Amino acid sequence: MSRRLPVALLVIGLVTTSSTLCAQQAEWPQHAMDRPQPVVVTPGPIIGRVEAPSDAIVLFNGHGLAAWCSTDSVVTPARWKASRSAIEVVPGTGNIRTRRHFGDVQLHIEWMSPAPAIGRGQDRGNSGVFLMGRYEVQVLDSYRNQTYADGQAAAIYGQFPPLVNASRPSGQWQAFDIVFRRPSFDAERRLTVPARMTVFHNGVLVHEDVVLKGPTSHRVRAPYTAHADRLPISLQDHGHNVRFRNIWVRELAPSAL
């Protein structure tokens, strides 16, 4: 014979279970190879490019790299290839960043890993999209290519694997739609509100309002350090000929949270 528990106990149980799950998730070492891999799902078909809305700032639509510069200096032009169809990483030339600075944004960006696929793990179609130059959504050829879960395509690098693996094969265009909320710091440069992200990969939700643990980094848990409210968006040269196109951003009003 079962008995109904008081509502208060049920709530406590749910909170405890949730806290336990969060704690278990936090226990995974960074880049652990035995961390469970996201379930593979097949995204919907490519139906054409997502055109920028009227209030968007277009960062690339086939008309050169005027909106971008080298991360070395705003006066140093971006040294990647640009054509009517895409911009392409030139390995060894370094990362590029936007000339404009941004805070809270909705970002749309499309990318393609090289085909045929060469290499495996992290050495296959590797790049990255960095919000504020610090908070990375990983670009990687993760189609039938296993790597550590927090480093596959659409991972918030080194922190959170995507909920699912929605990767298309190499040589096909893929899309990220990212809603980014910047962190806030007080007058003493202490963190008051952490950064948050919601990410769609090829139209599939892979992160929902995730609270970032700090700036993303490789093999280290970097803590938050105070920075400006607006900083550039950057794209990574990781030595692979990844291509990007149809990049636009909408500036968002500050979050009420």
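How many bridges join strand E8 to strand E16, and in which direction do the two strands run? I looked this up and found 2 bridges between E8 (residues 127-131) and E16 (residues 234-235), which run antiparallel. Within this pairing, Val129 has Leu235 of E16 as its bridge partner.

**Basis of the entries**

I note that the model is predicted, that local features need pLDDT of at least 70, and that side-chain atom pairs count only at pLDDT 80 or more, whereas totals for chains, interfaces and linings use all residues. Residues are numbered from 1 along each chain as its sequence is written, and side-chain values use heavy atoms, with hydrogens and water left out.

**Confidence**

I read a mean pLDDT of 89 for the protein chain, with 89% of its residues at 70 or more; pLDDT is the predictor's confidence in each residue, from 0 to 100. Over residues 1-25 the pLDDT is below 50, and this stretch has 3 contacts in the model beyond near neighbours in sequence. A contact means heavy atoms within 4.5 Å. Where pLDDT is low, the predicted coordinates should not be read in detail.

**The chain as a whole**

I recorded 1 helix and 17 strands in the protein chain. Helices (H or I, at least four residues) and strands (E, at least two) are DSSP runs, numbered from the N terminus. Buried residues make up 47% of the 257 residues; buried means under 20% relative accessible area, exposed over 50%, and partly exposed in between (1.4 Å probe, protein chains only). Of the contacts with a separation of 6 or more, 70% are between residues 24 or more positions apart.

**The sheet**

I traced an open sheet of 5 strands in the order E3-E6-E16-E8-E9, with antiparallel pairing. Strands E3 (68-70) and E9 (135-139) stand at the edges with a single partner strand each, so one side of each is left without a neighbour in the sheet. Two strands pair if DSSP finds at least two bridges between them.

**Asp141**

I located Asp141 in the loop between E9 and strand E10 (164-165). Is Asp141 buried or exposed? Asp141 is buried, with a relative accessible area of 1%. Not counting residues up to four places away in sequence, Asp141 touches Ser113, Ala117, Arg124, Gly125 and Ser170. The C-alpha atoms of Asp141 and Arg120 are separated by 8.6 Å, and the two residues are 21 residues apart along the chain.

**Salt bridges**

I noted 11 salt bridges in the structure, each a side-chain nitrogen of Lys or Arg within 4 Å of a carboxyl oxygen of Asp or Glu. One of them joins Asp209 and Arg196, with the closest N and O atoms 2.8 Å apart. This pair links distant parts of the chain, as Asp209 lies in strand E15 (residues 204-211) and Arg196 in strand E14, 13 residues apart. Asp209 is partly exposed at 39% relative accessibility, while Arg196 is buried at 12%. Salt bridges that share partners also join Asp186, Glu188 and Arg190 into one network. Asp186 is partly exposed at 25% relative accessibility, whereas Glu188 is exposed at 53%.

**Strand E14 again**

I also found Phe200 in strand E14 (residues 196-201). Phe200 is partly exposed, at 33% relative accessibility.
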